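Dear colleague,

I am passing on the structure we spoke about, and below it I have set out what was found. Please read the notes with the structure open beside them.

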Amino acid sequence: MRTSRSLATTARRLSTSLRPCSTPSLVRLGAAARTITTSRPLRSGAASNPAMQFPCLDALETRSANLSSSSGPEPSYTAGETQKYHCREPMVLDWGGVLPEFTIAYESWGTLNADKSNAILLHTGLSASSHAHSTPENPAPGWWEKFIGPGCPLDTNKYHVICTNVIGGCYGSTGPGSIDPGNGERYATRFPILTMEDMVRGQFRLLDHLGIQKLYASVGSSMGGMQSLAAGTLFPDRVSRIVSISGCARSHPYSVAMRHTQRQVLMMDPNWNRGFYYGKVPPHAGMKLAREIATVTYRSGPEWEQRFGRRRADPSKPPALCPDFLIETYLDHAGEKWCLTYDPNSLLYVSKAMDIFDLGHENQLAARARRQQRTQDMEAGVVAPAEGDAACSLTLPQTPYEETGVHTEQEVGQFAKTGPPKDLVKGLAPLVNTPALVMGVASDILFPAWQQREIAESLRQAGNHNVTHVELGEDMSLFGHDTFLLDLENIGGNIRKFLG
């Protein structure tokens, strides 16, 4: 056994000769450590390495502290001046909930002609406001600024373009942050579960108010592409043609899974408080993470390879657990920029409406039956479900998930060859006489191109002989799902050609 003095001498030699991350030195250090620990530690309580710094968490905590000390922590979710339509007639929703009254914020461009036959209803994506294009009241560029205007794909010399903020949103339309006329308090998570079809029915209440009996076209991308299909399916006699870009006729598991993950990280933020955070510190950390997850799905791998590669923000510094690679700093910026500009509860409700979207015939029948039952209950004097009743909520199943079997490659291949489900073909049958433009992007991972092919094929099998299907390969666009926001030439050009 070595003496304490010789141990100390060995330790000093090791500490002066070791080089960081040198494998031989680490081996020698491990052997020495085993020897040393048989006697006593050299320095009681001394760490082997300094603690890592986390400036990203420091910034987040500072923001929370500033919000906590402010007089009104809840941000004002606005996007500038809009027009407002307030409907005082109740609307029964697909899952049994009721909005006693509601407001829809909207903006419009171009002039409505004398017989009101040139109106185009433009549907938004999940987080967009009605501000698709600048207006005199709000000159800031809109989210589709280059697509709307004189000579643009949505030509305001020809068409009167109307864009709304969806019900459930937070940019002026009734949503979870609105006041419930029943008790004078914010709805929060007392807001009822919504569907895409509920949002569309609200939009057509607005069209009734404006005296527009029939649309020249229903146009939408992403979630808006889902709504555009729903508008034509629900109101086939009121929609002359539809444009659905990077959308779907039914949500598929991958997109459901990604939105589920976003909701989970948001709901796990202690500040979410089961939705009752209004007047308090909002769950901005959860919102930031949710947006970062969403941003991963909006763009494509090929584009990011060209744009970021494996480059780090500062290669001269050692790696960090905070944003370090350029792609990490980009995601961090995207989340930080957005986390206080959209109501977290609206994200939950609107994204859930996307998940349960299914234009299959059986689903439409079931929703119709629920609405009829709720209407009958109201006529019989049943004003609202009892406290704790799950009639207007989606709950966990009584039994947990169990694997039911594994599909073989042959089974999966055979399933792919069968084409769209007959139930979906039947559900889209109301569009048999409606000209349709369906566009997809090969690099889109959130709404993959097979979903747009499924829409087009379902429409054709339903008997629609006027379906235009366009798919942009990676040689034409590497922007993934966000292509509909960026590609004026291909997306805009095909819209212009289709509308005439």
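**What was found**

Phenylalanine 54 sits in the loop between helix 2 (23–37) and helix 3 (55–69), where helices (H or I, at least four residues) are DSSP runs numbered from the N terminus, as are strands (E, at least two). The model is predicted, so local features need pLDDT of at least 70 and side-chain atom pairs count only at pLDDT 80 or more, while totals for chains, interfaces and linings use all residues. Residues are numbered from 1 along each chain as its sequence is written, and side-chain values use heavy atoms, with hydrogens and water left out.

As for confidence, the mean pLDDT (the predictor's confidence in each residue, from 0 to 100) is 86, and 84% of the residues reach 70 or more. Over residues 410–415, however, the pLDDT is below 50.

Phenylalanine 54 has 31% relative accessibility and therefore counts as partly exposed; the term covers values between buried (under 20% relative accessible area) and exposed (over 50%), with a 1.4 Å probe and protein chains only.

Helix 4 (residues 196–210) has 15 residues and spans 21 Å from its first C-alpha to its last, close to the 21 Å expected at 1.5 Å a residue, the expected span being 1.5 Å times one less than the number of residues. Because eleven of its 15 residues are buried, helix 4 is largely enclosed by the rest of the structure. After helix 4 comes glycine 211, which has a positive phi, near 75°.

Arginine 201 is buried at a relative accessible area of 15%, and aspartate 198 is buried at 1%.

By this rule the count comes to 16 salt bridges. In another of these, the side chains of glutamate 454 and arginine 250 meet at 2.5 Å, N to O. Since glutamate 454 lies in helix 14 (residues 449–461) and arginine 250 in the loop between strand 10 (242–245) and helix 6 (253–267), the pair ties together parts that are 204 residues apart in sequence. Glutamate 454 is buried, with a relative accessible area of 8%, whereas arginine 250, at 25%, is partly exposed.

With best wishes

Notes
Contact means heavy atoms within 4.5 Å. A salt bridge is a side-chain nitrogen of Lys or Arg within 4 Å of a carboxyl oxygen of Asp or Glu.
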